[in-house]
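Please look over the sequence and the model shown here, and keep both in view while reading the report that follows.

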Amino acid sequence: MPGTNSSARAAACGPRGAQESGDLDPGAAARDLQRGISNMSFEELLELQSQVGTKTYKQFVTANSTKKQVSRPPIQSPGVADKHRPLEMSAKIRVPFLRQVVPICKKVARDPRFDDLSGEYNPEVFDKTYQFLDDIRAKEKELVKKQLKKHRSGEQHEKLQQLLQRMERQEMAQQERKRQQELRLALKHERRAQAQEGHRPYFLKKSEQRQLALAEKFKELRRRRKLESFLSRKRRRNAGKDKRQLPLSKEY
């Protein structure tokens, strides 16, 4: 376009070039220049740059590119404009096979025995809180004994006998646990009294604590006259362990 190129050169040359091309106003000259630059070839652009100067040429080119960017429509950012609208997924990204469409609240099972929310286990507080269970166990034990007297033989008699033995073992284990707890409390009070008197408290080792517990157990068995039977069972158990540890005799 020779006419457009000549008008662009005339407008780029300043007011003098504009008067020579036809007494145009500066705004019309700038619009003609921008319109002409977009249609000029590379050689014509170089010729125009050499005529008007590099600084003026860059100003016109920058103004033209800025105008194009402003006139471009804004690109909508991907996402959700409204929280109630469904999510717009891009077609260029592969949709995963397993995806969470609706959020699901998963129920988490909580075991109160191992959960910190239930607090710390304190044997003293536990025994005081559930002390009523001892009365219930005693009543159940008496009921089992009455049922055992009614069934002298048969399968029901064996079941009741096993149940009574299990209840007695549980009762003995509970008494042993209470005895050890009382021993620990006595040692704790003794250390506290030593500290109050100004002495340095002595903490027993685990082996010494086991020896004290065993001595208390022997005292209780002697009081109930069951020490000899306990020692005989202990000897038989130890003899069986020693026999299993002996090497087998080879027969030739």
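## The buried side of H7

Helix H8 (155-197) is among the elements that cover the buried residues of helix H7, where helices are DSSP runs of H or I with at least four residues, strands are runs of E with at least two, and both are numbered from the N terminus. The buried residues in H7 include Lys141, Val144 and Leu148, buried meaning under 20% relative accessible area, exposed over 50% and partly exposed in between, with a 1.4 Å probe and protein chains only. These three residues lie on the same side of H7 because they cover an arc of only 65 degrees around the axis, the arc being that of the directions from the helix axis to the C-beta atoms. An α-helix has 3.6 residues a turn, so residues three or four places apart point the same way.

The face of H7 turned away from the buried side carries exposed residues, namely Asp135, Lys139, Leu143, Lys146, Lys149 and Lys150. H7 itself runs over residues 132-150, and its 19 residues reach 28 Å from the first C-alpha to the last, close to the 27 Å expected at 1.5 Å a residue, a span found as 1.5 Å times one less than the number of residues.

## About the model

This is a predicted model, in which local features need pLDDT of at least 70 and side-chain atom pairs count only at pLDDT 80 or more, while totals for chains, interfaces and linings use all residues. Residues are numbered from 1 along each chain as its sequence is written, and side-chain values use heavy atoms, with hydrogens and water left out.

## The chain as a whole

The chain has 10 helices and zero strands, and of its 252 residues 15% count as buried. Among contacts between residues at least 6 apart in sequence, 47% join residues at least 24 apart, a contact meaning heavy atoms within 4.5 Å.

Helix H9 (residues 206-223) and helix H10 (residues 227-245) pack at an angle of about 125 degrees, with their axes 7 Å apart. That angle makes H9 oblique to H10. The contact is made by Lys217, Phe218, Leu221 and Arg222 of H9 together with Leu227, Phe230 and Leu231 of H10.

Arg225 has its place in the loop between H9 and H10, and this residue is exposed, with a relative accessible area of 80%. The phi of Arg225 is near 60 degrees, a positive value in a residue other than glycine, whereas most residues other than glycine have a negative phi.

How values were computed:
Axes fitted to C-alpha atoms, helices over the stretch in contact; angles between N-to-C directions. Parallel < 35°, antiparallel > 145°, perpendicular 65-115°, else oblique.
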